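New notebook, new structure. I'm jotting down what I look up as I go, one topic per entry.

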Amino acid sequence: MSARRKLITKLVNIFRPGYVYKTVNTVNGKKYIGSKLAPQGHKGTYFNENYYGSGVDLRKAIDKHGIDKFINVKQLDTRTINSMKKAEQGLLDSVDAAKDP
């Protein structure tokens with residue numbers, strides 16, 4: 001792969017849209033915070049309403065209560081991977097997710 005091609009690939013991955021989301025268990029109020037990148041090559045804002053997250057605790061809760069007991073809400077659009085990571089951490093800090101229900 002040429003140096004030019006490597007640079008283009010790197011830039012495409014840095015400037016890639018995504019979003020930070022919150023999934024809420026409506027049975028017990030527990031919140032799950034996460035982030036999701038748009039598919040490679042996607043332009044503009046992105047939200048996959050069928051994506052609730054992939055964490056182990058969330059998957060167990062969905063298996064126990066059923067997907068219909070969960071809602072997911074986009075919290076913030078992001079334009080870069082770095083901004084997505086910072087926004088996710090900021091949301092985790094602001095809701096104190098580790099202590100939330």
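Predicted model: local features only at pLDDT ≥ 70, side-chain atom pairs only at ≥ 80, totals over all residues.

**Entry: the largest pocket**

Which residues lie nearest the centre of the largest pocket? I find Phe15, Arg16, Pro17, His42 and Gly44 there, out of a lining of 17 residues. For the volume I get about 290 Å³. Sorting the lining by class gives me 8 polar, 5 nonpolar and 4 charged residues.

**Entry: the overall layout**

I step back to the chain. I count 3 helices and 3 strands in its secondary structure. Reading along the sequence, I write the pattern down as α-β-β-α-β-α. The chain has 101 residues, and 31% of them count as buried.

**Entry: aromatic pairs**

How many aromatic pairs are there? My count comes to 5. The label follows because planes over 60 degrees apart count as edge-to-face. What does this pair tie together? Tyr19 sits in strand β1 (residues 18-25) and Phe47 in the loop between β2 (31-37) and α2 (56-65), so the pair bridges parts that are 28 residues apart in sequence.

Are the two partners buried or exposed? I looked up each one. Tyr19 is buried, at a relative accessible area of 0%, while Phe47 is partly exposed, at 32%. The cut-off matters here: under 20% counts as buried and over 50% as exposed, so a value in between reads as partly exposed.

Ring pairs join Tyr19, Tyr21, Tyr46, Phe47 and Tyr51 into a cluster. One member, Tyr51, has a charge to note as well: Lys36 lies over the face of its ring, 4.4 Å from the ring centre.

**Entry: other neighbours of the pair**

I stay with Tyr19 and Phe47 and check C-alpha distances. Tyr19 and Ala87 are 68 residues apart in sequence, yet I get 8.8 Å between them in space, C-alpha to C-alpha. For Phe47 I look at Pro17: the two are 30 residues apart in sequence and 9.9 Å apart in space, again C-alpha to C-alpha. Pro17 has already turned up in these notes, among the residues nearest the centre of the largest pocket.

**Entry: Asn25**

Asn25 is also in strand β1. I mark Asn25 as buried, since its relative accessibility is 0%. What does its side chain reach? I find the backbone nitrogen of Val27, at 2.8 Å.

**Entry: Thr80**

Where is Thr80 found? I place Thr80 in the loop between β3 (70-78) and α3 (81-95). Thr80 counts as buried at 16% relative accessibility; the cut-off for that is under 20%. The side chains of Thr80 and Ser83 are joined by a polar contact of 3.0 Å.

Two residues are left on my list. Gly53 lies in the loop between β2 and α2, and I have it as buried, with a relative accessible area of 4%. I pair Gly53 with Asn72: 19 residues apart in sequence, 8.9 Å apart in space, C-alpha to C-alpha.

Leu76 has its place in strand β3. Leu76 is partly exposed, with a relative accessible area of 42%. How far apart are Leu76 and Leu91, and what is the separation in sequence? I get 9.7 Å in space, C-alpha to C-alpha, for a separation of 15 residues in sequence.

Definitions and conventions:
Residues numbered from 1 in each chain as written. Heavy atoms only, no water. 1 Å grid on protein atoms, 1.4 Å probe; cavity = no way out; pocket = protein on both sides within 12 Å on 5 of 7 lines; lining within 4 Å. Points joined across faces, edges and corners; volume = space filled by probe spheres on them. Nonpolar A, V, L, I, M, F, W, Y, C, P; charged D, E, K, R; others polar. Phe/Tyr/Trp six-rings, centres within 6.5 Å; stacked < 30°, edge-to-face > 60°. Helix = DSSP H or I, 4+ residues; strand = E, 2+ residues; numbered from the N terminus. Buried < 20%, exposed > 50% of the residue type's maximum accessible area, 1.4 Å probe, protein only. Lys NZ or Arg CZ within 6 Å of the ring centre and 35° of its normal. Polar contact = N/O pair within 3.5 Å; in protein donor to acceptor, adjacent residues only side chain to side chain.
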